[in-house]
Amino acid sequence: QLQASGGGSVQPGGSLRLSCAASGRTSSSYAMGWFRQAPGKEREFVGVITWRGGVTYYADSVKGRFTISRDKAKNTAYLQMNSLKPEDTAVYYCADGSRVGYEDEAYDYWGHGTLVTVSS
């Protein structure tokens, strides 16, 4: 079970940190991905981190602004979002999977999502 939190409203240029607590992780859990879905658009990959090594990959649209980290002891992953832009407005989802992937199909378990609104 995944529980995402930390969404809210922020002005352009601001920052937010999302958290995703994973309870009941199994041995097949390998990576935590972050995705987002803006109004009227398809869900898109934001970034991913491997649980064991902490290796990260990011979408070009967020590279240099967003940082993913994880706390293995707490089974929690984080998405630090800086220099937010209006186009970052979306529902953000975390997803746990058995491999690293940029597509939805790589992930087995999904959180409910948390809304991030960037607006002046």
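How many helices and how many strands does the protein have? And which residues form one aromatic cluster?

Reply: This is a predicted model, in which local features need pLDDT of at least 70 and side-chain atom pairs count only at pLDDT 80 or more, while totals for chains, interfaces and linings use all residues. Residues are numbered from 1 along each chain as its sequence is written, and side-chain values use heavy atoms, with hydrogens and water left out.

The protein has zero helices and eleven strands. Both kinds of element are DSSP runs numbered from the N terminus, helices being H or I with at least four residues and strands being E with at least two. Read from the N terminus, the order is accordingly β-β-β-β-β-β-β-β-β-β-β.

As to overall dimensions, a compact globule with 120 residues would have a radius of gyration near 14 Å, and the 13 Å of the protein agrees with this. That radius is taken over C-alpha atoms, and the globule rule is 2.2 Å times the number of residues to the power 0.38. Along the principal axes, the C-alpha atoms fill a box of roughly 45 × 25 × 25 Å. Of the 120 residues, 43% are buried (buried means under 20% relative accessible area, exposed over 50%, partly exposed in between, with a 1.4 Å probe and protein chains only). Contact means heavy atoms within 4.5 Å; among contacts between residues at least 6 apart in sequence, 53% join residues at least 24 apart.

Now to the part requested. Phe35, Phe45, Tyr102, Tyr107 and Trp110 form one aromatic cluster. Rings of Phe, Tyr and Trp (its six-membered ring) pair if their centres lie within 6.5 Å; planes under 30 degrees apart count as stacked, over 60 as edge-to-face and the rest as tilted. The structure holds five aromatic pairs. In one of them, the ring centres of Phe45 and Tyr102 are 4.8 Å apart and the planes stand at 80°, so this pair is edge-to-face. It links distant parts of the chain, 57 residues apart: Phe45 belongs to strand E5 (residues 44-50), whereas Tyr102 lies in the loop between strand E9 (90-97) and strand E10 (107-110). Tyr107 and Trp110 form another edge-to-face pair, with 6.2 Å from centre to centre and 70° between the planes. Trp110, with a relative accessible area of 27%, is partly exposed.

Gln11 occupies the loop between strand E2 (8-10) and strand E3 (16-22). With a relative accessible area of 55%, Gln11 is exposed. Apart from its neighbours within four places in sequence, Gln11 is in contact with Val118 and Ser119. Gln11 and Gly113, which are 102 residues apart in sequence, lie 20 Å apart in space, C-alpha to C-alpha.

Asn75 is found in the loop between strand E7 (66-71) and strand E8 (76-81). Its phi is near 50°, a positive value in a residue other than glycine, and its relative accessible area of 23% makes Asn75 partly exposed. Ser83, in the loop between E8 and E9, likewise has a positive phi of about 50° although it is not a glycine. Ser83 is partly exposed, at 42% relative accessible area.
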